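Open the structure in your viewer and keep the selection tool ready. This tour goes stop by stop, with something to select at each one.

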Amino acid sequence: MAVNHEIKSNLAKLLATEDIVVEHKKVETACFNVHTRVLTLPMWEKASNNIYTMLVLHEISHALWLSI
């Protein structure tokens with residue numbers, strides 16, 4: 001099943017409880033910039049929905065627990 005990037009973006013924004021920017025790019029791993037409030041998620045071909053959900057959960061924890 002293909003990953004729906006729009007749903008993952010909405011999930012990230014809801015969990016962060018703020019209007020963060022979510023980008024989907026060809027990068028090696030996910031990251032969250034605590035200064036610019038930008039979440040970057042990789043566009044992996046073989047990753048499952050569960051893997052993307054775990055990436056979102058991990059990176060959003062940075063939004064919630066690491067402040068500027």
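Start by selecting Lys-13, which is partly exposed because its relative accessible area is 31%. Here buried means under 20% relative accessible area, exposed means over 50%, and partly exposed lies in between (1.4 Å probe, protein chains only).

Before moving on, note that this is a predicted model, where local features need pLDDT of at least 70 and side-chain atom pairs count only at pLDDT 80 or more, while totals for chains, interfaces and linings use all residues. Residues are numbered from 1 along each chain as its sequence is written, and side-chain values use heavy atoms, with hydrogens and water left out.

**Salt bridges**

Side chains of opposite charge can pair when their charged atoms come close. A salt bridge here is a side-chain nitrogen of Lys or Arg within 4 Å of a carboxyl oxygen of Asp or Glu. How many salt bridges does this rule give? The count is 3.

Asp-19 is exposed, at 68% relative accessible area.

Next, select Glu-18 and Arg-37. They form a salt bridge, and their closest N and O atoms are 2.8 Å apart. Glu-18 sits in the loop between α1 and β1, and Arg-37 in the loop between β2 and β3 (38-42), so the pair ties together parts that are 19 residues apart in sequence. Helices (H or I, at least four residues) and strands (E, at least two) are DSSP runs, numbered from the N terminus. Is Arg-37 buried or exposed? Arg-37 is buried, because its relative accessible area is 17%. Glu-18 is partly exposed, at 29%.

Now pick Glu-23 and Lys-25. Their side chains meet in a salt bridge of 3.4 Å, N to O. Glu-23 is partly exposed at 27% relative accessible area, and Lys-25 is partly exposed at 41%.

**Positive phi**

Stay with Arg-37 and check the backbone. Phi of Arg-37 is near 60°, a positive value in a residue other than glycine. Then go to Thr-17, in the loop between α1 and β1. Phi of Thr-17 is near 55°, again positive in a residue other than glycine. Thr-17 is exposed, with 66% relative accessible area.

**A loop stop**

Select Glu-28, in the loop between β1 (21-25) and β2 (31-33). Glu-28 is exposed, at 74% relative accessible area.

Show α1 (residues 5-16) together with α2. Their axes come within 9 Å and cross at roughly 30°. That makes α1 roughly parallel to α2. Axes are lines fitted to C-alpha atoms, for helices over the stretch in contact, and angles run from 0 to 180 degrees between N-to-C directions. Angles under 35 degrees count as roughly parallel. The crossing is right-handed: the near helix is turned clockwise from the far one by less than a right angle.

**Nonpolar patch**

Which residues make the nonpolar surface patch of about 270 Å²? Select Trp-44, Ile-51 and Met-54. Patch residues have over 30% relative accessible area and no salt bridge, and nonpolar side chains (Val, Leu, Ile, Met, Phe, Trp, Tyr) are joined within 5 Å. Ile-51 belongs to helix α2 (residues 49-65). Ile-51 is partly exposed, at 34% relative accessibility.

Definitions and conventions. Patches are made of residues with over 30% relative accessible area and no salt bridge: like charges are joined within 9 Å, nonpolar side chains (Val, Leu, Ile, Met, Phe, Trp, Tyr) within 5 Å. Accessible areas come from the Shrake-Rupley method with a 1.4 Å probe; for residues, only the protein chains shown count as cover. Angles under 35 degrees count as roughly parallel, over 145 as roughly antiparallel, 65 to 115 as roughly perpendicular and the rest as oblique.
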